[in-house]
Amino acid sequence: MTLSRRTFLAAGTAAAAAGLTGCGSVSSLGGKNELSMWTWVGSVNDDLIGQAEKGIPGYDGMKLAMTRIGSNYKTKVLTALAGKSLVPDIVAINDDVATYFPNADQFHDLNELGAKDLQKDFLPWKWNWGITPQGKMMAYPMDTGPTALFYRTDVFTKAGIDIDPAAVAGLAPDWDALIALGRKLKQAVPGSSITDNITGIYGSRMAQLPKKYMTRDGQYIGDQDHVRQAFDLAVRVVKEGLSANAQNSSDKNAVVTNGKLVAYNSAVWWAQLGPKNAAPKTKGLWRVTAAPGGAGNKGGSFLAITKYCKNPKAAFAFISWLESAKNQAQAFLDPVLFPSTPASYTDPKLSAPDPFFGGQKIVDVFADSAKKYPGAYFSPYDSIIDTPISSELVNIEAAGKNPDQAWADAQRQIQRELSRAGAI
Amino acid sequence: MAVTSKALPTTISATATQDKPPNKFRQALPQYTAVAPFFILFAIFGAFPVLFSIWISFHSWDGIGQMKWVGLEQYHYLLTDATFWKTIANTLIIWVLSTVPMLLLALVIANALHNATRFRTFYRIAYFIPNVTSVVAITLVFGSIFSNNFGLLNAFLKSVGVGQVEWLTSPWGIKIAIATIVTWRWVGYNAIIYLAGLQAISQDVYEAARVDGASSRQTFWRITVPMMRPVILFTAVTSTIGGLQIFTESRVLFGDTSNIGGPGDAGLTIVSYLYQSAFIKNQFGYGAAVGWALFILIVLFSIVNWRLIGGTDDERLTRRAARRVERRIAAQNAKKEAVDVH
């Protein structure tokens, strides 16, 4: 065919038409023998992904094609799902997994793919977080975020406090005791704090409770005593002068670097994000022990198979392989993801002594926290509820707002937003 | 298209053809085809999203599931939403704090650049560089400058004995910090535009002024500024549109996803609120409604700007001239009356 003007234009029109209809069809992303997966940076182990990119174990001829989404991860996932076209086969989901529950029909029920048989390998509360109130297994556990008390031995020594982890755990079994300890530390070393800011305490306390903001049957309980007590505890720490008032990330790093933050109740990932990155010079000075007030969990993520997936069986084979106890132990070494499979906790990869923590086997502390955590129900509306409370807490610390007024304002805002969202 | 080129002629020629004038559409078809790509792309990527956002703003939608028609509910909620009004106040305060000093400073810089004799290109590039630097990088740097406890600025203030200012937690501190970043980033850009305007003014006018014995200050206020009015109007309107859409600065300064406006939402701008509603809380309908409220606001402010600074030269001159003539006539009349009375 010679290229005349007419054939050129006709070919162009045909191509445009094909492109437009392509947009309209329901499809999943990637080639026929490729399972596409979206995740964010630092959520999986590169070696394992590299293996799966050559071939998915047990499914010859199927390969994995993973994309690390930079910023706005959730928005991109929602956009892909809303477009119903070029949707990835597998998506990673953060600890806000419950916000996807109203749209659980977009995902496969993993129990139908054989998840039920693997349940015994996982922490029960973590497993339950991936199950919708209707009983559908929507998301498969990846890592968890058990909490513990991090503390600086040099400051503790100056204050004349025994630095042995077991002794510290005995000295501060609850938050009252920790505040008393904080006062003592502040006397010995002025400026010492036990949290970076007010929401740090509130978040840590809420992470220990067996219930959060809503019940499984959709009742709002965020105005009840357990929340108010966490709120008051956070206010008290600030009034005692034990908060560093560091509201943004550079200040948060600074209080770690300059040694003002001497004890902090946070999740396992903070070891890396906090002291190891911000204050490498404090190597050997940190220890970890059981948190005052009990075991808790902050963060952790999931994997889900979208309903557009071209081969759900292969996708499930892949995620169950990736999240096996052995491979989760592998992932603890590289992006420091704490396994959701108790069998990993005795793996030599995890139980090696950590020189940053003075040779302490920190996994024991976190494994204990992960196993003891009572587990709370996360509702689809938790982020709507949490935002006003957190920002009112910041108002108390940063602007000196009256706590009762702040609490009332937060509750009013929550009622308004929940009724609009149709939750109450 | 194959259809139009083949089917059309046969049907036409079958009926009455020969003496009919040639089909205008067919004649213009090549031209239409040539410009079509733009309109097709514009329809898909320009017009459709705009129309779709109007459509979404009448719905309640979480991004994936069914869209639920709620009529004007989102707008009703918007008008009674204290946070929304707060974001408008925040945005306007930041806008005034940044735009006024920015444009004044730009005019001064442009004047200096205009009169500079050495290293002109160097200075022009130097002033323009902030504008082409990544706003995220800039904001990170400013974040460590303004940082409350350990920032450079507070360290300096403490060293001279003034004490520290809570730049990133107090309501005014936050706004000043954001306004400073905006000013720093856009002052060079506006200065370059002013410089272009300055160079377009004929030297004859200045020479005439010099002959008449005008001082340099008089020349600046009586000649430069009035002659620059169209350029000033342009920068005022673009700064208004930009200023009402401030987003990145507060977003990066307060990196948390849950509280992107900083303590007390003092740095929460309209666009941050839109972003927070749509992309953090997944209330796309409400986000779209906020977007349209912002659109209306920008239109209003552009009109106000136009009225304050703009209008066509002719109109304004004739209006002023007419007023002057009226005043003179009135004065003469008054004088005449006074004479008549006596």
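1. Helices, written H, are DSSP runs of at least four residues, numbered from the N terminus. The structure discussed in this note is a predicted model. In chain B, helix H9 covers residues 203-211. Just after H9(B), Gly213(B) adopts a positive phi of about 85°.

2. Leu86(A) has a positive phi of about 50°. Leu86(A) is placed in the loop that runs between helix H3 (73-83) and strand S3 (90-93) of chain A. Is Leu86(A) buried, partly exposed or exposed? With a relative accessible area of 49%, Leu86(A) is partly exposed.

3. In chain B, Phe119(B) likewise is a residue other than glycine with a positive phi, near 50°. The loop that holds Phe119(B) lies between helix H4 (82-115) and helix H5 (120-132) of chain B. Phe119(B) counts as exposed because its relative accessibility is 52%, and the exposed class begins over 50%.

4. The UniProt record, an unreviewed entry, places "transmembrane region" features in chain B, among them residues 125-147 and 167-187. In the model, residues 125-147 of chain B are 87% helix and 0% strand, and the C-alpha atoms at the two ends lie 29 Å apart. For residues 167-187 of chain B, the span is 81% helix and 0% strand, with end C-alpha atoms 22 Å apart.

5. How many cavities of 30 Å³ or more does a search of the whole structure find? The search finds two. The largest cavity holds about 100 Å³ of space. Its lining is made up of 13 residues, and those nearest the centre are Ser43(A), Met142(A), Glu323(A), Ala331(A) and Leu337(A). Strand S4 (140-152) and helix H13 (325-333) of chain A are the elements that each give two or more residues to this lining. H13(A) supplies the largest share, three residues. By class, seven lining residues are nonpolar, four are polar and two are charged.

6. The second largest cavity has a volume of about 40 Å³. Residues that line this cavity include Val97(A), Phe101(A), Trp129(A), Arg216(A) and Tyr377(A). The lining consists of seven nonpolar residues, one polar and one charged. Which domains of chain A contribute at least three residues each to this lining? They are domain 1 (5-144 + 298-355) and domain 2 (146-297 + 376-420).

Methods: Residues numbered from 1 in each chain as written. Chains lettered and ligands numbered in written order. Predicted model: local features only at pLDDT ≥ 70, side-chain atom pairs only at ≥ 80, totals over all residues. Heavy atoms only, no water. 1 Å grid on protein atoms, 1.4 Å probe; cavity = no way out; pocket = protein on both sides within 12 Å on 5 of 7 lines; lining within 4 Å. Points joined across faces, edges and corners; volume = space filled by probe spheres on them. Nonpolar A, V, L, I, M, F, W, Y, C, P; charged D, E, K, R; others polar. Domains from an automatic or database assignment. UniProt positions renumbered as here; feature names shortened; annotations may be inferred. Polar contact = N/O pair within 3.5 Å; in protein donor to acceptor, adjacent residues only side chain to side chain. Buried < 20%, exposed > 50% of the residue type's maximum accessible area, 1.4 Å probe, protein only.
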